[in-house]
Amino acid sequence: MSAFRPGDIRLLVDGAPKTLRLTLGALARIEEELCGGDLSALETRLAKPSVSDLVVLLAALLEGGGEAMSATTVAAVEEKT
């Protein structure tokens, strides 16, 4: 896990703390996966995000925080109570 920085968010994933971080790489991944590289379409797409959009966002932010997880892996994480 990378060092915690201002703007980072901690999230428990499968009981382990993970860091969400918006980096240029994470933004590029979000742009590519949600809008095919069209940054101007991102605002429109995220105005009413779907569950799959949110999974892509989480996967990209986790990657920005140093945790390589695919959207498929993120979607498969089960809620633990």
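**Conventions.** I number residues from 1 along each chain as its sequence is written, and I use heavy atoms for side-chain values, leaving out hydrogens and water. Because the model is predicted, local features need pLDDT of at least 70 and side-chain atom pairs count only at pLDDT 80 or more, while totals for chains, interfaces and linings use all residues.

**Confidence.** I looked up pLDDT, the predictor's confidence in each residue, from 0 to 100. The chain averages 88, and 94% of the residues score at least 70. Helix H3 (residues 51-64) has the highest confidence, at 94, and helix H4 (residues 71-76) the lowest, at a mean of 86. Helices (H or I, at least four residues) and strands (E, at least two) are DSSP runs, numbered from the N terminus.

**Cores.** I searched for nonpolar cores, sets of buried Ala, Val, Leu, Ile, Met, Phe, Trp, Tyr and Cys residues joined through side-chain atoms within 4.5 Å. Buried means under 20% relative accessible area, exposed over 50%, and partly exposed in between (1.4 Å probe, protein chains only). The largest core has eight residues: Ala26, Ile30, Leu34, Cys35, Leu42, Val56, Leu57 and Ala60.

**Salt bridges.** I counted five salt bridges in the whole structure, each a side-chain nitrogen of Lys or Arg within 4 Å of a carboxyl oxygen of Asp or Glu. Lys18 pairs with Glu67, the closest N and O atoms being 3.4 Å apart. This pair links distant parts of the chain, 49 residues apart: Lys18 lies in strand S2, Glu67 in the loop between H3 and H4. Lys18 counts as buried at 16% relative accessibility, whereas Glu67 is partly exposed at 27%. Arg45 and Asp53 meet at 2.6 Å, N to O; Asp53 is buried, at 2%, and Arg45 is partly exposed, at 34%. Salt bridges that share partners also join Arg29, Glu33 and Glu63 into one network.

**Surface.** I noted a nonpolar patch formed by Leu22, Leu24, Leu27 and Leu39, with about 430 Å² of accessible area together. Patches are made of residues with over 30% relative accessible area and no salt bridge; like charges are joined within 9 Å, nonpolar side chains (Val, Leu, Ile, Met, Phe, Trp, Tyr) within 5 Å. Accessible areas come from the Shrake-Rupley method with a 1.4 Å probe; for residues, only the protein chains shown count as cover. Leu39 lies in helix H2 (residues 39-47) and is partly exposed, at 47%.
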